[in-house]
Amino acid sequence: MEQYVIKGGNPLYGEVEISGAKNAALAILAAAIMTDETVTIENLPNVRDINVLLRTIEEIGARVERVNAHKVRVNGSFIQNVSVDNEFIRKIRASYYLLGALLGKYKRAEVALPGGCDIGSRPIDLHIKGFRAMGAQVDIAHGLVIARAQHLAGTHIYLDKSSVGATINIMMAAAMADGKTVIENAAKEPHVVDVANFLNSMGANIRGAGTDVIRIVGVERLHKTEYSVIPDQIEAGSFMFAVGAAGGDVLLKNVIPKHLEATTAKLLEVGCMVDEFDDAVRVHSGGSLHHTQVTTLPYPGFPTDMQPQMAVLLGIADGTSTVTESIFENRFRYVDELTRMGADIKVESNIAIIRGVEKYTGARVSAPDLRAGAALVIAGLVAEGITIVDDIYYIERGYEDFDKKLRGIGGQIEKISDDKDLQKFILKVS
Ligand code: EPZ
């Protein structure tokens, strides 16, 4: 099993290029099969979850031409099969987007119940409620969600909770339904807007994405398009926090600074400096870090996907900080691992109380999920001595070349597969 090995203590300097947004790209790839014409998608991140979804749409008959690592052409006209199930798709959350896409286009879909990172109970009741409101019959049997409709009719849907997945899924199905659908209390995340823009570029009629109310007038068919995915705000935020924690001065290229506002605000609060440019941000840090409070909230609030990285930063800040997780109930599974590196964190219900320590010390830790894994890598970059991170499979689901990009800005990190590699790394850094 591959691992990351990290020698901490180096500040980070230089430039790093941020990849396309994984969570936008997953939904866009699913939506790409809704037309029978060829769709070209650029700025795709080359990460495991994307590759699983590409393989899956190929398995149901779509033609997928990988032009290069970041560009793909998809043609959905050859799809024979609306039943999606394989051992890989069961592990990714975004499989649910194939429900909305297939139901919208073929009025029938059978998709394995989604898996994904173990960050708490992850129901899909709101997705199902939306499909049913449009007239679909939805059942769960043999591990599959089975949805079918004679025809889908536009309707009014109020989401009890702001859900990214449900908003996008309902938007996809409604794009090819009869008449007008209104989604109230819709999620406003940048990837919701990106998927709406993508669908509109295929001829859909979606207005209001990025606000609480999205209005969709269904169209009979969608057509070809060429589209570039937005930059990944969470990958960018993770690098920003890495610089905040390790110190240094790094320019992040290919970002949309507006999408990073909550992350930037917290970095400024703890004493780092952030300069914004048109499509880049520069983070510099070096002095001591101050304690603060943070609560995760739907966009434009502080993202739950940045919560573990924030906690790592606060773990070495002066004084006592609190981190409140309000989106997922089980997103503190990294705390025990970070404690092994010397952190002083107590979790009470959905609040982590963090007493800043002077330093982390290297240890062997294991990534409990994607973002927590990235956070442990950041802790390793700051820690005294050597850190080994196991289960990097999770990190590779969503970060493209994380180790390589960190090395590019001076991080001492390698991907290793055995003890020989570890000894080589230790020799190199000592
Ligand atoms: C998306 O998950 C992302 N995943 C997550 O990213 C991200 O953490 C999350 O949005 C919040 O931003 C993908 O895009 C593939 P939600 P999703 O529906 O769609 C509740 C990462 O690390 N809810 O916005 O599953 C739910 O339990 C991953 O990249 C219902 O109750 O999140 C949660 O409390 C992890 N019923 C809240 O809504 C439903 O039917 C928000 O979840 C759906 C959701």
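## Surface and charge

The protein has an accessible surface of about 16600 Å², and carbon and sulfur atoms account for 47% of that. Accessible areas here come from the Shrake-Rupley method with a 1.4 Å probe, and for residues only the protein chains shown count as cover. Keep in mind that this is a predicted model, where local features need pLDDT of at least 70, side-chain atom pairs count only at pLDDT 80 or more, and totals for chains, interfaces and linings use all residues. Residues are numbered from 1 along each chain as its sequence is written, and side-chain values use heavy atoms, with hydrogens and water left out.

As for charge, there are 45 positive and 54 negative side chains, and the centres of the two sets sit 3 Å apart. Lys and Arg count as positive, Asp and Glu as negative, while His and the chain ends are not counted. Each charge is placed at NZ of Lys, CZ of Arg, CG of Asp or CD of Glu.

## Overall build

The protein's secondary structure comes to 14 helices and 24 strands. Its radius of gyration is 22 Å, close to the 22 Å that the globule rule gives for 430 residues, so the protein is as compact as a globular protein of that length. (That radius is taken over C-alpha atoms, and the rule is 2.2 Å times the number of residues to the power 0.38.) Helices (H or I, at least four residues) and strands (E, at least two) are DSSP runs, numbered from the N terminus.

Along the principal axes, the C-alpha atoms fill a box of roughly 65 × 45 × 40 Å. Of the 430 residues, 57% count as buried, meaning under 20% relative accessible area, with exposed over 50% and partly exposed in between (1.4 Å probe, protein chains only). Take the contacts (heavy atoms within 4.5 Å) between residues at least 6 apart in sequence: 73% of them join residues at least 24 apart.

## A look at Thr-387

Thr-387 belongs to strand S23, which covers residues 386-390. Thr-387 is buried, with a relative accessible area of 0%. Setting aside its neighbours within four places in sequence, its contacts include Tyr-4, Val-5 and Ile-6, along with Met-341 and Gly-380.

## Salt bridges

Side chains of opposite charge can pair when their charged atoms come close. The whole structure holds 25 salt bridges, each being a side-chain nitrogen of Lys or Arg within 4 Å of a carboxyl oxygen of Asp or Glu.

One of them pairs Glu-2 with Lys-415, with the closest N and O atoms 4.0 Å apart. Glu-2 lies in the segment before strand S1 (3-7) and Lys-415 in strand S24 (residues 412-416), so this pair ties together parts that are 413 residues apart in sequence. Glu-2 is partly exposed at 39%, and Lys-415 is partly exposed too, at 33%.

Asp-249 and Arg-282 form another salt bridge, their closest N and O atoms being 2.7 Å apart. Asp-249 is in strand S15 (residues 248-253) and Arg-282 in strand S17 (residues 280-285), which puts the partners 33 residues apart. Both are partly exposed: Asp-249 at 24% and Arg-282 at 28%.

Asp-403 and Arg-407 also meet in a salt bridge, at 3.6 Å from N to O. They are four residues apart in helix H13 (residues 402-408), so about one helical turn separates them. Asp-403 is buried at 8%, whereas Arg-407 is partly exposed at 33%. Elsewhere, salt bridges that share partners join Glu-2, Arg-48, Glu-396 and Lys-415 into one network.
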